[in-house]
Amino acid sequence: MAPSGANQESKATNGRELPSETAPMEKHPAPLTAGSRFARLTSIGVLLLGVVAAFLYLGGWFSPQKLTPGRFADEFERVNGIHSGFRRNHAKGLCVRGFFDSNGQGARLSKAVVFQSGRVPVIGRFSLGNGDPHSTDALSTVRGLGLQFSLPDGEQWRTAMIDLPVFPLKDPQAFYDNLVASQPDPNTHRPDPAKGAAFLASHPETARALAIIKSHAPSSGFDNTDYNGLNAFRFVNADGASTYVRWTLAPVQPYEAGTGASPDKNDKNFLFDGLIASIHQHPLQWHLVMTVAQPGDPTDDATIPWPEGREQVDVGTLTLDSVDSEETSPARDINFDPLVLPAGMAPSDDPLLSARSAVYSQSFTRRAGETKEPSEITPSEVRK
Amino acid sequence: MSATTTTDRQRFPGSMRFLHWLMAALVLTMLGIGIAMVASLGDYHSLVSIHRPLGIAILILVVIRFVNRQFSTLPPFPATMSSQERFVAHASEILLYTLLFVLPLVGWGMLSAARFPIILFGSLHLFPILPHSVMLYAFLRKTHTFLAYLLFLAFVAHFGAVLFHTLIVRDGLLSRMAPWLSRAR
């Protein structure tokens with residue numbers, strides 16, 4: 001290797017022509033006393049240990065109680081068990097494809113390419129909000145939709161939305177504490193109601209959010225419900241002006257109330273099977289609606305709805321026209337990280353956004369390296 | 001031969017010293033950001049947004065540094081160093097150069113294998129350099145962590161060796177790379 005050659009050449013030159021210059025600084029420093037040598041060696045040791053300790057401190061090694069993405073994922077695994085190859089939350093899912101037709105109305109809010117008039121391809125995944133990939137569908141379970149918009153300049157926009165009108169947990173610590181409170185009791189295999197009550201008592205914002213959530217009866221299926229981004233984002237337009245927004249996908253399919261119990265007791269996948277049937281009949285559509293904040297509206301707390309009457313901008317239509325099992329769709333391997341944003345869209349000060357990005361990444365890294373078990377919704381189920 | 005020339009022959013050229021200290025600052029910052037980021041929730045996004053462009057900057061700088069080194073005259077090792085010590089010093093240099101080159105490439109490669117956007121600034125992003133495979137991603141993600149710890153240990157060893165030469169052997173090793181002007185002799 002060249003550096004070696006260079007050094008040897010220098011040494012050779014040195015040896016032949018500059019014999020007196022091999023020790024340039026202090027040719028004969030006075031010998032150190034034993035005490036001085038010991039003190040200097042100790043200083044070196046202390047300095048090196050200090051560097052290592054500072055590094056480990058940054059990595060959280062001295063704060064075992066600190067919430068980290070790893071501890072979040074561990075807690076999901078404690079509550080749900082480890083299901084090889086599946087997401088740690090929103091584990092049961094079905095993949096879809098389609099496109100987004102932007103009407104250009106969003107361009108005054110954000111310079112993101114996705115809001116210029118035109119069509120971009122979309123791939124997505126419907127899911128249920130729990131960690132069991134084989135859970136029985138229930139109307140009361142949170143429904144999720146993750147989308148990836150592929151923009152013509154190579155940028156991407158990813159978003160993960162749910163059907164709740166507000167999010168019941170205001171920050172990562174509340175999310176984690178709620179997860180711990182929902183851990184099944186080893187004897188009853190059900191969450192301890194006392195722990196849930198204690199959590200609500202200490203989190204009034206969650207109680208208020210749940211009251212709003214309960215006033216919205218769940219719809220009958222995946223296809224006729226809203227999906228909400230919930231966390232606020234900051235949009236920047238071509239003039240550099242910033243606006244805070246929250247977004248909603250509003251279904252074109254008419255709302256139909258769910259009937260409470262599962263309509264078909266024999267089909268544990270009735271929600272997913274309903275989605276498959278309806279997408280085979282006709283493409284499903286949603287309007288993407290941006291709600292624009294006024295000064296003073298909370299941008300850092302998704303438990304609080306913005307006041308009625310805020311300006312709403314319909315920026316285009318999402319069409320989903322094909323459906324795939326996770327086993328045959330690339331959407332299984334997409335991390336719907338809410339902070340994969342094109343230029344013109346940025347996070348707000350909501351602490352959940354960065355935490356979601358971190359924990360999704362941890363979940364993705366864990367499942368990426370695992371054997372992929374078959375999905376509950378198989379390719380043959382999708383073709384029925 | 002003047003005293004100044006003699007001193008200059010004992011030192012790395014200005015370009016090499018500049019790149020060394022610039023990269024030392026960037027790499028230490030990078031190691032700190034890297035280990036803090038994986039344990040962070042609230043700061044994760046800001047840290048990772050710095051981590052990506054900084055990693056690419058280090059990749060570009062290490063290439064420039066390597067090329068620059070090929071065109072530079074290196075000072076001799078101090079006479080106080082035995083041939084074994086010279087071998088270890090040289091091997092650790094090769095290890096550091098290799099890690100500074102491979103670590104950013106593995107980072108770029110792992111995000112490529114996950115088909116995760118590699119955003120540098122605004123809409124500027126990098127193209128993928130590996131095929132789409134989440135298994136490959138998982139392997140490279142572990143490799144990235146392993147190499148980062150190895151780089152940190154190599155840095156600690158390098159720092160320790162320089163401290164030993166400066167405080168115990170007192171052979172002026174540091175003056176070969178020091179950013180300041182050494183005393184004329």
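Predicted model: local features only at pLDDT ≥ 70, side-chain atom pairs only at ≥ 80, totals over all residues.
Start with chain A. Nine helices and ten strands make up its secondary structure. Its radius of gyration is 28 Å, well over the 21 Å that the globule rule gives for 384 residues, so chain A is more spread out than a compact globule. The C-alpha trace spans about 95 × 55 × 50 Å along its principal axes. Of the 384 residues in chain A, 39% are buried. Take the contacts in chain A between residues at least 6 apart in sequence: 75% of them join residues at least 24 apart.

Arg108(A) sits in the loop between β1 (93–102) and β2 (118–128) of chain A. Thr243(A) lies 135 residues from Arg108(A) along the chain, and their C-alpha atoms are separated by 9.9 Å. Is Arg108(A) buried, exposed or partly exposed? Arg108(A) has 16 C-beta neighbours inside 10 Å, so it counts as partly exposed. Burial would take 20 or more.

Next, look at a pair of helices in chain A. Two packed helices are described by the angle between their axes and the distance between the axes. For helix α4 (residues 172–181) and helix α5 (residues 193–202) of chain A, the axes come within 9 Å and cross at roughly 160°. Angles over 145 degrees count as roughly antiparallel, so α4(A) is roughly antiparallel to α5(A). On the α4(A) side, the meeting residues are Asp177(A), Asn178(A) and Ala181(A). On the α5(A) side, they are Lys195(A), Gly196(A) and Phe199(A). The residues of this contact divide into two nonpolar, two polar and two charged.

Now bring in chain B. In all, 47 residues of chain B are in contact with 53 residues of chain A. Four helices of chain B each supply at least two residues of the side that touches chain A: α2 (14–37), α3 (44–70), α4 (83–113) and α5 (134–169). Which helix gives the most? That is α5(B), with 13 residues. By type, this side of chain B holds 26 nonpolar, 15 polar and six charged residues.

The last stop is the core. In soluble globular proteins, nonpolar side chains tend to be buried together. Here the largest nonpolar core has 100 residues. Val245(A), Leu275(A) and Tyr137(B) have the most contacts inside this core.

How values were computed:
Residues numbered from 1 in each chain as written. Chains lettered and ligands numbered in written order. Core = buried A, V, L, I, M, F, W, Y, C linked by C-beta atoms within 7 Å. Buried ≥ 20, exposed ≤ 12 C-beta atoms within 10 Å, placed from the backbone. Contact = placed C-beta atoms within 7 Å. Nonpolar A, V, L, I, M, F, W, Y, C, P; charged D, E, K, R; others polar. Rg over C-alpha atoms; globule rule 2.2 N^0.38 Å. Axes fitted to C-alpha atoms, helices over the stretch in contact; angles between N-to-C directions. Parallel < 35°, antiparallel > 145°, perpendicular 65-115°, else oblique.
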